[in-house]
Amino acid sequence: MQRRHMKSRVVITGIGVVSSIGIGKDAFWNSLLEGKSGISPVESFDTSGHFTHMGGEVKLFRPEEFIPKERLKLMNRATQMALAATGLAMEDSALTPDVLSGARTAVSHGTTLGTVTTAEKVNDLLLAGEEIGYELFYQMPTHAASSMISREFGFTGPCFMFSTACAAGNYAIAYAYDLLRLGRADVVIAGASDPMSRLEYTGFNQFKAVAPEICQPFDKDRKGMMLAEGAGILVLESLENAERRGADIYAEILGYGLSCDARHMTTPSVEGIAECMRKALREAGITIEDVDYISAHGTGTRANDKNESAAIKAVFGRLTENIPVSSIKSMLGHTMGAASALEAIACTLAVKHDIIPPTINFETPDPECDIDCVPNRARKQAVNIALNNSYAFGGNNASLVLKKFTE
Amino acid sequence: MTLARKDTPGRARAEEAGRDIVVTGIGVISPLGIGREAFWKGLEEGRSGFKEISIFDTSEFSVHVGGEVSDFDPESYIGKKDLRILDRSTKLVTSAARLATDDAGLDISDDNTHYTGVSVGTTFGSLHSIAQFDLTGLREGPRFVNPSLFPNTVINSPASQVSIRFGIKGFNTTVSTGFCASLDAVIYAADFIRLKRAEAVLAGGVEELCEETFRGFHTLGFLSGADGSPPLCCPFDARRNGIILSEGAAILILESRAHALRRGATVLARISGYGNSFDPAGSTGRGLCKAIELALGEASLDPGEIDYISASANSTQKLDRMETEVLKKVFGRDAYTIPVSSIKSMVGETFSASGALSLSAAVGALNNGFLPPTVNYSERDPGCDLDYVPNEARQKEIRKALVISSDPYGSNTAVVIEKTRR
């Protein structure tokens, strides 16, 4: 494709993670490979009135280890996790202040409802008839996390926040890729964050979409998703920039596809998500034969897993049986906007290390989910190209293509 | 000081004129009027969109005035289907989308849906839905919350409803960057056209007036009249003491020129350049200077070539002063002769929708040859001494306009539009 040669190649040079299965890239990756579950009884709010009580909270996160205490009170949970993950990613990519030329470092972040915990606190105070301090309203705007990243680290490039719900991470990484190819930045801090939220817990419970004990994507007896929280950050750079400073490169981003179902607010459309995957492959300049691994959206709901499997078959046809399709939501639960960022990180490490994370809790195959879901154990296998799928409320779909980096 | 570099990559790209990004239609739902013509007329007449707020109870606050959209009948724009469960933001933006597609004569069909997209800026889009959903759960218990209201709580639901109601499948994105949200959404849309992922995009912004947002701005001390004095929206005026909070939606149809020509669309303006820059220290002006320089550079224009500046000054001490100083820095002596006005003096502060409304106003200025005024201007602030087109619109042929947005967290966005051949 002629167009590719005119624009920069985009590579990943750093990773930062705050998750229920580990804080930091190594802890996260090791847990994924061990098939470790991050699900535990919910503690951050009272679930006695709900149908379910489990979730993927990040219980070991100590924000004061990452952010000076006096600034913490102006930052809600999502912002804190986003900042911590950014610090870890910058360290991982060896991006020190003197290495960074601030004018050309951008931030592209995503969230479902990053500031919902602030809205919840305001409601608590309203109901109690107590005064609501200005600090809460200060951190209410949705772009708090993205803006605080730019503020704390002194970045002066474009600063974007995408609120495309459960696909937001992919949207953010996608735009970061565009910014680099358009030459508007040399480095982009890309990723997403979302907190554990009682509002979302209520909503999904009312949809009867939440599993009571475990999340079992693609399993015949799957009972639903698991609410969770987290933050995933990737450092994206132009290849020129990475090579110039001698950075270690994890993987390359080849392209992406977006689509909109334009049909239903909550049930994904097979046609819409299939089209999204096809667009991603087209833009990346690859064919269905080239895909070695698919990181599924795989929430564990009856509708998603069935429709996603059907869409994969529609796109990949008979090749489907040879392509491993796993969902790390089986371990993390659904971290909302952060999910596709954390899944992109899993794909990045999969292509780097040639190991595919499993779908855990898998017991019974479902003929309606006729895919190889890499059940229960990580698999050592050459992975040159990975496809990261994500589907959001509103029918907002995004698929990202990652490739093993070669000169 | 010249910033124009005729050999910039921006210029080279623009040379492929078919790839020019043009505006072919506008839909506006505003406190000044509904529809592009009514909106432009309201601006030209210098009318005020402020009134006693009726859509929620303001008795707990010391301010009761806002830019509420009145005489708004969403059913007449989007029909009756599922109207009852849609929130106000969604009704505003889907109605604006209807007006925009009608204005552009753009029909969405199987032939074009896969390369048509939606890009909407909204930051508090669902705050009212979110807060009420949570409150119901707290008051009645989580098992008594209406599940059909849950989809309204995601911030991308207004934009998604545009896709659902108009059958737009290419892509659908929601940008939530506060005061910069709708200009950022427009930039995102323009980039998609530039990168050939889309030929047409419904781009703009929306923000609804609701008690939750009002409470926030009120507590943060942003609102004029919080001290009990009559609220006043007077950008650049010495008496300025806060915003009048407002609501609205504006959608612009962006297309590649080639696509517009192919279907015989009327071209209203061309987007010739844009830029973003972040100010880590807040609103020092450095970021806004940079954003403007980037936009002018991409448009290959010297600052002195701009005919009109649509400012984001919102009757606060800080922002209005900062913008004035930024314009002096970027434009030098020309800052004193290039007219700059703030439509927020008439429309109020619509937060995420403000950029799209300002852009729509600037397109009106280009097409109808008038400069929207900064109304309520009577007391001069020596620190704000530019030509703000005080109180009365001015007839003037203009060809190039700059639209700017600045967010207190630190984002800054600038867009240049130009008159272009139809």
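Is A:Ser8 buried, exposed or partly exposed? That is a handy place to start with this predicted model.

1. A:Ser8 comes out as partly exposed, because 17 other C-beta atoms lie within 10 Å, whereas a buried residue would need 20 or more and an exposed one 12 or fewer. You'll find A:Ser8 in the loop of chain A that runs between helix 1 (2-6) and strand 1 (10-19).

2. **Who A:Ser8 meets.** Set aside the neighbours within four places in sequence, and A:Ser8 is in contact with A:Leu180, A:Arg181, A:Ser238, A:Leu239 and A:Glu240. Take A:Leu239: it sits 231 residues from A:Ser8 along the chain, yet the C-alpha atoms of the two are separated by 6.6 Å.

3. **Helix 12 of chain A, end to end.** This helix covers residues 302-316, and at 1.5 Å a residue its 15 residues should span 21 Å. The C-alpha atoms at its ends are 21 Å apart, so the model agrees with that expectation. Just after the helix, look for A:Gly317, which takes a positive phi of about 55°.

4. **What helix 12 packs on.** The buried residues in helix 12 of chain A are A:Asn304, A:Asp305, A:Asn307, A:Glu308, A:Ser309, A:Ala311, A:Ile312, A:Val315 and A:Phe316. Their packing partners, also in chain A, are helix 11 (270-284), strand 10 (293-295), strand 11 (325-326) and strand 14 (385-392).

5. **A helix pair in chain B.** Over in chain B, helix 4 (residues 88-104) packs on helix 6 (residues 157-166) with the axes 8 Å apart and an angle of about 45° between them. The two are therefore oblique to each other, and the crossing is right-handed. On the helix 4 side the contact uses B:Ser89, B:Thr90, B:Val93, B:Thr94, B:Ala97 and B:Thr101; helix 6 brings B:Ser157, B:Pro158, B:Gln161, B:Val162, B:Arg165 and B:Phe166. Sorted by class, that contact has five nonpolar, six polar and one charged residues.

6. **Where the chains touch.** The contact between the chains takes 55 residues from chain A and 52 residues from chain B. On the chain B side, several elements each supply at least two residues, including helix 6, strand 6 (171-175), helix 7 (181-194) and strand 9 (269-278). Helix 5 of chain B gives the largest share of that side, eight residues. By class, the chain B side divides into 23 nonpolar, 23 polar and six charged residues.

Methods:
Residues numbered from 1 in each chain as written. Chains lettered and ligands numbered in written order. Predicted model: local features only at pLDDT ≥ 70, side-chain atom pairs only at ≥ 80, totals over all residues. Helix = DSSP H or I, 4+ residues; strand = E, 2+ residues; numbered from the N terminus. Expected span 1.5 Å × (residues − 1). Contact = placed C-beta atoms within 7 Å. Axes fitted to C-alpha atoms, helices over the stretch in contact; angles between N-to-C directions. Parallel < 35°, antiparallel > 145°, perpendicular 65-115°, else oblique. Left-handed = near helix turned anticlockwise from the far one by under 90°. Nonpolar A, V, L, I, M, F, W, Y, C, P; charged D, E, K, R; others polar.
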